[in-house]
Amino acid sequence: MTVFYNPTSIFNSLSDEVVVELSPTQILKSQVCQRSLGYYRARVKPLATPLNLVFGSALHWVVEGYIKGFIDRDQMEKQFSNEFFRLSMSGLISMAKSKTRDINEVIGKRLAKQFPEFFDNLGLRPVIIEGAFKLRIAPNTYINLVIDFVGIAERDIVFNGVVIAAKGDTVILDWKTAAAKEGALFAGIALQLTFYWEAVRLACQQLGIKEPAACGFASGLKPNVSKAESDSLSKAIWMPVQWTKRTASDVEEAFDYARVVASRIRRGEFHRTSGAAYNSPCDSQTRCDYAGLCLEGSKRGYKIPSGFTLADLV
Ligand code: SF4
């Protein structure tokens, strides 16, 4: 039976005096579906944690551990397995359609093992690892950021035949795991890197470093393999960084967009995104975390899906 209820606490509008804090993840969610952003902000629990998230968290943990020096290079595989197991035990996990848990573990161990050599070859001296920043984008409106890596180039970084960062320059990296390497276009417009860039630029004097010269994603590839003994496992490698830069106008556009998202939050606008007829976020392969929980209807009369109460959602 469908329960009728108005869960206004989730989608209430907010006055100008209330501080609105965003994150790059929230801004990306708003681009997929504004209603999923409402759930995320209200900490609605997905029915299950996606395995990809568990994988990414475990890999980030060993990468951070290696750079900070609390995990030795010969312990990377083992520490990944331990962390992957620990995080997998914390609740119901939704499986990726293409890979089993075991295959995820094999891929993660490979990437963890390769990371020290990959990192050493980048020639970067760490300055900040998992550093928290806060950007003010409007009165009472902020973006909170945690930047994976800010470092200093220990030698010139040549990309596409040009020196994109000279020795001594500041660079920013985000660790990524995906089935395919990001293209130049995505690296060039990704809002996440734009916010990182501006946060580091504003803080660089305080940090005693130069303004950023380059930024990019360091991607560990998760190939689509269905058997642990597959030859395709050899494609699980760290890809060369797709270095890119940001301009003042990139930053201006990103801030403008963040202000649009913040004002929609203030107005309590959390409309569902219908998406295309095929590949909609509600039921595509990269399925929305809130599929199955998603409220039906509008502010005039939300309905909670059959079998759930509000207490199940929040
Ligand atoms: S299930 Fe669909 S409409 Fe609901 S939050 Fe997710 S993407 Fe949006």
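**Reading the backbone, the helices and the ligand shell**

Author: Begin with a backbone angle: just after α3, Arg 43 takes a positive phi of about 55°. Helices (DSSP runs of H or I, at least four residues) and strands (runs of E, at least two) are numbered from the N terminus. Residues are numbered from 1 along each chain as its sequence is written. This is a predicted model, in which local features need pLDDT of at least 70 and side-chain atom pairs count only at pLDDT 80 or more, while totals for chains, interfaces and linings use all residues.

Reader: In which loop does Arg 43 lie, and is Arg 43 buried or exposed?

Author: First the term: a residue is buried if 20 or more other C-beta atoms lie within 10 Å of its own, exposed if 12 or fewer, and partly exposed in between, with C-beta atoms placed from the backbone. Arg 43 sits in the loop between α3 and β3 (49-50). With 9 other C-beta atoms within 10 Å, Arg 43 is exposed.

Reader: What is the phi of Asn 160, and where does Asn 160 lie?

Author: Asn 160, although not a glycine, has a positive phi of about 50°. Asn 160 belongs to the loop between β7 (157-159) and β8 (162-165). Asn 160 is exposed, because 8 other C-beta atoms lie within 10 Å.

Reader: How many helices and strands does the protein chain have, and what percentage of its residues count as buried?

Author: The protein chain has ten helices and eleven strands. Of its 314 residues, 33% count as buried. For contacts, the rule is that the C-beta atoms of two residues, placed from the backbone, lie within 7 Å. Among contacts in the protein chain with a separation of 6 or more, 71% join residues 24 or more positions apart.

Reader: How do I read a pair of packed helices?

Author: Two packed helices are described by the angle between their axes and the distance between the axes. The axes are lines fitted to C-alpha atoms, for helices over the stretch in contact, and angles run from 0 to 180 degrees between N-to-C directions. Helix α4 (residues 51-68) and helix α5 (residues 76-88) pack at about 140°, with their axes 9 Å apart. On the scale used here, angles under 35 degrees are roughly parallel, over 145 roughly antiparallel, 65 to 115 roughly perpendicular, and the rest oblique. α4 and α5 are therefore oblique to each other.

Reader: Which residues of α4 and α5 make the contact?

Author: On the α4 side they include Phe 55, Trp 61, Val 62 and Tyr 66, and on the α5 side Met 76, Phe 80, Phe 84 and Leu 87 are among them. By class, this contact has eleven nonpolar, four polar and one charged residues. Ala, Val, Leu, Ile, Met, Phe, Trp, Tyr, Cys and Pro count as nonpolar, Asp, Glu, Lys and Arg as charged, and the others, Gly among them, as polar.

Reader: At what angle do α4 and α6 cross?

Author: The axes of α4 and helix α6 (residues 101-122) cross at roughly 25° and come within 10 Å. That makes α4 roughly parallel to α6. Phe 55, Leu 59 and Val 62 of α4 are among the residues in contact, as are Leu 111, Ala 112 and Phe 115 of α6. The residues of this contact divide into 13 nonpolar, two polar and one charged.

Reader: Which residues of α2 are buried, and what covers them?

Author: In α2, Pro 24, Gln 26, Ile 27, Lys 29 and Ser 30 are buried. Their cover includes β2 (20-22), α3, β6 (141-153), α8 (191-207) and α9 (248-266). Helix α2 (residues 24-32) packs with α3 at an angle of about 145°, with axes 6 Å apart. Gln 26 and Lys 29 of α2 and Ser 36 and Leu 37 of α3 are among the residues that make this contact. In helix α3 (residues 34-41), the buried residues are Arg 35, Ser 36, Leu 37, Gly 38 and Tyr 39.

Reader: Which residues are around the ligand?

Author: A residue is near a molecule if its C-beta atom, placed from the backbone, lies within 6 Å of it. Around the ligand are Cys 33, Arg 35, Ser 36, Arg 272, Thr 273, Pro 281, Cys 282, Cys 288, Tyr 290, Ala 291 and Cys 294. This shell divides into seven nonpolar, two polar and two charged residues.
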